[in-house]
Amino acid sequence: MDRTGIFAGETPSEIARRWLAEAEKTEPNDPNAIALSTVDAEGLPNVRMVLLKDIGEDDFTFYTNYTSAKGREIEASGKAAFVMHWKSLRRQIRVRGLVSRSEGPEADAYYASRNLQSRLGAWASRQSEPLDSRATLLAEVAKVTLKQGPSPRRPPFWGGFRITPLEVEFWADGAFRLHDRFRWRRKSVEAPWEILRLNP
């Protein structure tokens, strides 16, 4: 299999980290943005943009409010999918897998790295719930600012989700729409990867 050049790598995470590093040099905004897909109780898909914050040895992590729509849907199904697309590189990565919470020191450290306004905003926002006006939200921010002070701790309802992939596909644009696609797939997180080249 001619998996050389940009597709070379021992693991999907290795390739994904390299592609993201390249995108950070060329994408004008948020090269770590992903379109995250979940499914509600009726099986209807939901998709939204979030920021991927870490590519581990065998997982992908983002942070959110656990009580948000995506948080509730992930908790119910234990599964999610996402796509990263970079126009400047004409590449994309698709990931499907199992999801678990990423809490404790790792989540605390990331929360502490955010600017103060974002940390207070995490306390103030009842994410995905109805809001009667922006003034109400700003009033809640002012309230939690007085209560939490300049060093707010991480809210118990806010933290990371770690996606451990069962399938990762790397796609690169090809001339005449003859794109290059390589899919890594495994039956479980303990199983070995099977790598296949796919038709465009």
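**View A. Buried residues of helix α4 in the predicted model.** Arg-119, Leu-120, Ala-122, Trp-123 and Ala-124 are the buried residues of α4. Their packing partners are α3 (105-113), α5 and β6 (158-172).

**View B. The N-terminal end of α4, capped by Asn-115.** A side-chain oxygen of Asn-115 lies 3.2 Å from the backbone nitrogen of Gln-117.

**View C. The crossing of α4 (residues 116-124) and α5 (residues 134-148).** The two helix axes come within 9 Å and cross at roughly 110°. Because angles of 65 to 115 degrees count as roughly perpendicular, α4 is described as roughly perpendicular to α5. On the α4 side, the contact is made by Leu-120, Trp-123 and Ala-124; α5 contributes Leu-137, Glu-140, Val-141, Val-144, Thr-145 and Gln-148. By residue class, this contact comprises 6 nonpolar, 2 polar and 1 charged.

**View D. The largest nonpolar core, with 30 residues.** Leu-36, Phe-82, Trp-86, Ile-93, Ile-163 and Phe-170 have the most contacts inside this core. Two or more residues each come from α1 (12-26), β1 (33-39), β2 (45-55), β3 (60-65), β4 (79-86), β5 (91-102), β6 and β7 (180-185). A second, separate core has 10 residues, including Ala-107, Tyr-110, Leu-120 and Trp-158.

**View E. The surroundings of Ile-163.** Neighbours within four places in sequence are left aside here. Ile-163 is in contact with Leu-36, Asp-58, Asp-59, Phe-60, Phe-62, Ala-80, Phe-82, Val-95, Gly-97, Leu-98 and Val-99.

Conventions: Residues are numbered from 1 along each chain as its sequence is written. This is a predicted model: local features need pLDDT of at least 70, side-chain atom pairs count only at pLDDT 80 or more; totals for chains, interfaces and linings use all residues. Side-chain values use heavy atoms; hydrogens and water are left out. Axes are lines fitted to C-alpha atoms, for helices over the stretch in contact, and angles run from 0 to 180 degrees between N-to-C directions. Helices (H or I, at least four residues) and strands (E, at least two) are DSSP runs, numbered from the N terminus. Angles under 35 degrees count as roughly parallel, over 145 as roughly antiparallel, 65 to 115 as roughly perpendicular and the rest as oblique. Contact means heavy atoms within 4.5 Å. Ala, Val, Leu, Ile, Met, Phe, Trp, Tyr, Cys and Pro count as nonpolar, Asp, Glu, Lys and Arg as charged, and the others, Gly among them, as polar. Buried means under 20% relative accessible area, exposed over 50%, partly exposed in between (1.4 Å probe, protein chains only). A polar contact is a pair of N or O atoms within 3.5 Å; within protein, one must be able to donate a hydrogen and the other to accept it, and residues adjacent in sequence count only if both atoms are side-chain atoms. A nonpolar core is a set of buried Ala, Val, Leu, Ile, Met, Phe, Trp, Tyr and Cys residues joined through side-chain atoms within 4.5 Å.
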